[in-house]
Amino acid sequence: MAPTEENADCDPVRGRAPLILGGHDFPSITRAVCDPLERPTPLGWWAFFLPSLGLLGLLGLATGWLFWEGIGIWGLNNPVGWAFDITNFVFWVGIGHAGTLISAILFLLRQRWRTSINRSAEAMTIFAVMCALIFPGIHVGRIWVAYWMLPLPNQMSMWPNFRSPLLWDVFAVSIYGTVSVMFWYVGLVPDLATVRDRARSLLRRRIFGALALGWRGSNRHWQHYERAYLILAGLATPLVLSVHSIVSMDFAVSQLPGWHTTIFPPYFVAGAIFSGFAMVVTLMVITRQAFGMQNLITIRHFENMAKIMIVTGLMVGYAYAMEFFIAWYSGNPYEGFALLNRAFGPYSWAYWIMVSCNVLLPQILWWRKARTNLAILFVMSLVVNVGMWFERFVIIVTSLHRDYLPSSWDYYVPTIWEFLALLGSFGLFFTMFCLFVRFLPIVATAEVKGVLPQADPHHGEERVVLDVSKAPAREATT
Amino acid sequence: MTAPRVIETARLHVPAGSGLARLPLVACVVGLLGTAASVALGHGTRQLYFSWLVAFLFCLTLALGALFFVLVHFATKAGWGVAVRRLAENVAGAIPVLALLFVPVLLGLHELYHWSHPEAVAADPLLQAKAPFLNTGFFGIRAVLYFVLWGGLGTLYLRASRRQDDSGDERITRGLTAIAGPALIAFALSVSLAAIDWIMSLDPHWYSTVFGVYVFSGCVVSFISLLVVLSAAIARAGGMRGVVTVEHFHDLGKLMFAFTVFWAYIAFAQFFLIWYANIPEETVWYLRRLDSGWLPVSILLAVGHFVVPFFFLMPRTIKRRTPLLVGGAVWMLAIHLIDLYWLVMPTLHEDGPHVGLLDLTTLLGVLGLFFATVGWLVTRQPLVPLRDPRLPESLSFENF
Amino acid sequence: MPPLLPPSLPDGPTYGVLARFAGPRELLHACERVRDAGFTRWDAHSPFPVHGLDRAMGLGTSPLPWIVLALGLAGAAGAMLLQWWVHVRAYPLVISGKPLFSWPAFVPVTFEVGVLFGALGAVFGMFGLNRLPMHHHPLFQSATFERVSDDGFFVSIESWDPKFDAQTTTRMLRDLGAVDVELLASS
């Protein structure tokens with residue numbers, strides 16, 4: 001199927017642009033998605049997988065040395081008790097949220113274009129949450145008693161502190177991971193059946209057959225399945241909102257200027273979606289090219305993702321503006337100082353990277369030419385993720401390093417081990433993603449088939465006819 | 001294969017001389033009487049201006065919700081709601097009358113806002129710090145700018161949409177879509193600042209960064225509820241039968257549900273963060289609403305604005321039974337009024353709510369005049385954007 | 001009201017008939033006829049859910065929402081109870097001046113656990129109602145049935161159905177436009 005870019009400029013006012021190009025029918029979609037799984041591993045895959053594995057090794061090194069020596073190998077000091085660790089945590093959790101948004105919220109909004117990217121986006125969510133959970137885990141110092149965070153009866157009669165946002169995080173992020181895995185798996189079952197039915201080797205048939213649970217496309221099953229999918233989408237939506245709100249509460253429930261603002265929950269959620277979509281764009285530009293899926297993941301999909309990025313980027317910008325304004329309006333000298341220190345203090349370099357990457361540069365996406373140019377989008381997606389990482393760094397470190405008492409002020413410098421942990425987390429992420437694209441269908445085949453025009457039994461029938469013939473006598477108009 | 005539904009667009013008007021066509025006049029009379037009674041009853045009192053402010057905010061939030069609905073519709077190229085969009089355009093198109101209804105607020109500036117008292121500012125360093133923003137002149141200029149923006153957008157969209165009824169020109173849709181994005185940015189900033197100006201500054205020491213979002217969420221919930229009521233009323237009177245279907249009501253019900261949850265999320269986030277940090281300059285606002293006769297109202301809001309609508313609007317069957325949905329919508333409108341009352345009144349009555357005749361007369365006054373305008377707009381043009389390119393899509397879509 | 005759980009497989013040598021149709025439209029129309037003919041032990045199969053097929057088959061609504069609601073509320077109540085017990089009964093500690101039963105602070109965990117239990121209800125409820133995993137089924141004998149996950153649209157009628165008769169049912173399906181019809185043995 002020759003790749004066509006014909007829907008890049010297709011923006012009809014009447015009717016809708018086609019979602020899937022290249023004249024696909026049901027069997028050709030199956031082939032497009034499943035053939036790569038059945039071919040021998042291409043060299044290109046190894047070119048991504050091996051370096052990722054290398055980075056993963058770095059993560060192992062950094063965390064192993066951390067467990068051995070202790071948190072002192074990091075650059076944390078008093079007052080900056082949190083820096084790279086929690087920045088990375090919030091960064092990865094945020095990225096994960098886009099996958100759930102694509103799966104759940106876009107489903108509820110009846111956005112059929114989501115079907116080409118939701119499988120990969122959900123996988124991205126799961127891997128991002130895996131990366132995220134590492135950091136609060138390793139930063140506790142005594143990782144061997146990390147199980148104390150769970151409400152298990154014990155011989156000390158100790159219980160976790162449910163009033164603490166740190167514990168809400170444990171529940172929120174692990175529940176988010178669990179629900180995301182379940183949602184992803186439920187969506188996978190019909191596609192696993194597809195791979196099972198095409199399997200030529202017994203081992204492949206057994207493995208995918210076991211995972212597909214005996215799915216046979218029965219409509220009695222589809223009925224409950226669709227209901228479950230809708231309910232999971234309805235549950236995952238408030239979950240996305242609540243999880244990142246709870247993460248924001250790690251900061252917002254404190255009394256620290258720069259941390260304690262009521263806008264943090266929706267602001268963090270908007271930022272999460274912003275960075276998450278950027279990561280989806282990054283992954284999809286590469287994946288689409290590597291697997292020749294230009295007709296399934298089209299320019300129009302990227303344009304829609306770019307639009308969501310502008311919207312959420314503007315929401316983040318609104319939050320910056322509101323924080324600044326209210327910091328002044330409050331008349332509270334500590335609040336005002338905290339915001340000014342961000343922009344003009346010792347970490348101003350980080351602040352201006354953040355503003356450029358999150359607010360200034362993404363404005364290029366107002367132009368259609370930019371939204372439909374994959375090279376620009378790819379670069380922008382990296383820029384946005386750099387900006388969003390710096391946003392969390394700025395919030396955490398600048399608010400901590402200079403708070404109420406000037407004699408406590410200090411400057412934080414990260415050590416090599418913190419950089420290695422950050423880099424290594426990308427290794428984990430990309431390793432998992434490489435494994436995913438190698439062994440599982442990366443496009444939700446059944447869902448994409450369902451949005452083809454020929455999937456609608458009433459395709460081509462006219463349902464409503466507007467009769468404009470008898471125009472009424474016109475009253476005086478403006 | 002069922003035969004397609006035929007809809008004669010000629011019938012998509014409010015019939016002249018019908019009951020519906022007479023409503024604007026009735027509303028106008030009620031509005032004028034209400035206003036006169038309010039002035040007579042409350043002349044010179046602070047209560048008059050506070051009651052008027054609540055009533056004004058009620059209609060303003062409805063109109064702003066309408067404007068938001070129209071803008072988002074165009075920005076997202078939505079298809080489902082074209083059948084109800086004209087009603088939203090009409091409500092947004094009535095914003096200019098709200099500019100007139102704002103005048104009493106300006107007249108009562110001194111009674112309403114503590115920061116407008118020069119002697120108070122002179123004695124209070126915090127008010128002095130805010131004086132560059134909270135002063136009468138700049139306040140007035142901002143108000144003018146808000147109404148120019150909102151009124152301009154509301155009128156623009158209504159007129160352009162109306163022109164498309166005659167010409168069917170697709171470029172109108174393209175144009176309105178193109179400006180919707182920047183319009184939404186201006187909308188977000190202006191509504192946030194207006195919320196700070198008109199509501200938050202009633203208590204000038206207090207501040208909350210999420211306050212603009214809070215008021216915005218109330219705008220959307222109340223407007224979607226109003227849209228349900230208006231669409232159902234007009235459909236019942238025969239105006240839009242066959243055009244506005246149960247699918248549209250289902251979607252509006254979903255939006256009501258979603259924004260009820262959103263309102264609760266923002267309301268709780270604001271309360272919770274202030275409660276947790278327990279900083280006196282922030283908690284004072286909530287203490288006034290919890291440690292006094294206002295506590296029952298606060299509980300009523302939590303239960304009535306979240307718990308009850310959450311469980312009521314969740315089932316699919318309720319959203320698809322229009323009479324039930326309309327009942328829910330009326331409830332949401334009432335509870336939104338209580339929300340605004342709870343935001344504004346504790347500044348005047350610290351010990352508890354004192355609902356009086358003035359609250360009723362000012363409400364009738366403002367509502368009457370506002371809905372007279374909306375009604376007049378509804379009657380003078382087609383009920384549906386007849387030649388909108390996405391109207392057929394709106395008429396034939398089916399929900400999950 | 002249709003039975004809550006699908007009944008188990010028919011006994012006897014024949015499982016039933018399997019008929020393949022050209023596409024979603026043909027499948028939908030065929031299902032309407034099969035429903036109207038009064039069959040009860042039958043099913044339609046497709047690679048994706050066909051819009052309107054539930055109605056065409058005369059299926060009622062799924063009870064899943066009730067299962068989810070019940071479990072979700074139970075989860076939330078349980079989480080609130082746990083937190084109350086931990087902080088008010090088991091080990092009461094005044095932390096940062098908050099009351100022992102600081103219910104606002106208990107909301108996040110309560111909400112998350114409620115969502116978790118609801119999601120578990122949705123997933124396991126759905127698999128339970130569908131009697132999955134069921135790795136072996138007579139339909140898998142058919143070579144053409146492999147297309148069900150690709151582009152095949154099928155109707156299967158089980159021999160347990162009171163109206164089932166190998167000859168007449170096969171003929172009915174052919175008359176409804178089936179591309180191929182086969183008789184399947186019980187596995």
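A: A salt bridge is a side-chain nitrogen of Lys or Arg within 4 Å of a carboxyl oxygen of Asp or Glu. In chain B, a network of salt bridges links B:R85, B:R86, B:E89, B:R162, B:D165, B:D166 and B:D388. This is a predicted model, where local features need pLDDT of at least 70, side-chain atom pairs count only at pLDDT 80 or more, and totals for chains, interfaces and linings use all residues; side-chain values use heavy atoms, with hydrogens and water left out. Residues are numbered from 1 along each chain as its sequence is written, while chains are lettered from A and ligands numbered from 1 in the order in which they are written.

Q: Where do B:D166 and B:R162 lie?

A: Helices (H or I, at least four residues) and strands (E, at least two) are DSSP runs, numbered from the N terminus. B:D166 and B:R162 both sit in helix α9 of chain B. They are four residues apart, about one turn of the helix. Their side chains meet in a salt bridge at 3.8 Å, N to O.

Q: What does the side chain of C:R147 meet in a salt bridge?

A: The partner is C:D151, at 3.0 Å, N to O. C:R147 has a relative accessibility of 32% and counts as partly exposed. C:D151 is buried, at 13%.

Q: Which residue pairs with A:R205?

A: A:R205 forms a salt bridge with C:E146 (3.2 Å, N to O). The pair crosses between chains. A:R205 is in helix α6 (residues 202-212) of chain A, and C:E146 is in the loop between α4 and β3 (153-158) of chain C. Both ends are partly exposed: A:R205 at 28%, C:E146 at 32%.

Q: How many residues of chain C are in contact with chain A?

A: Contact means heavy atoms within 4.5 Å. By that rule, 71 residues of chain C touch 62 residues of chain A. Next, take the area. Buried area is the accessible area (1.4 Å probe) that two parts lose on being put together, summed over both. Chain C and chain A bury about 5,700 Å² between them, with 67% of it on carbon and sulfur atoms.

Q: How many residue pairs are in polar contact across the interface of chain C and chain A?

A: A polar contact is a pair of N or O atoms within 3.5 Å; within protein, one must be able to donate a hydrogen and the other to accept it, and residues adjacent in sequence count only if both atoms are side-chain atoms. The rule finds 31 residue pairs across the interface of chain C and chain A (both at pLDDT 80 or more). α4(C) gives the most to the side of chain C that touches chain A, with 18 residues. The salt bridge count between these chains is two. C:D150 forms a salt bridge with A:K449, the closest N and O atoms being 3.9 Å apart.

Q: What is the area buried between chain B and chain A?

A: The value is about 5,700 Å², of which carbon and sulfur atoms give 60%. Here 74 residues of chain B are in contact with 58 residues of chain A. The rule finds 15 residue pairs in polar contact across this interface (both at pLDDT 80 or more). Two salt bridges are counted between chain B and chain A. The side chains of A:R110 and B:D251 meet in a salt bridge at 2.5 Å, N to O.

Q: How many residues of α8(A) are buried?

A: The helix is mostly covered, with 24 of its 28 residues buried. For its length, the expected span of a helix is 1.5 Å times one less than its number of residues. Helix α8 (residues 264-291) of chain A reaches 39 Å from its first C-alpha to its last, close to the 40 Å expected. Just after α8(A), A:G292 takes a positive phi of about 65°.

Q: Which residues does A:S248 contact, leaving aside its neighbours within four places in sequence?

A: They are A:F264, A:P265 and A:F268. A:S248 itself lies in helix α7 (residues 219-252) of chain A. Its relative accessible area is 0%, so A:S248 is buried.

Technical notes
Buried means under 20% relative accessible area, exposed over 50%, partly exposed in between (1.4 Å probe, protein chains only).
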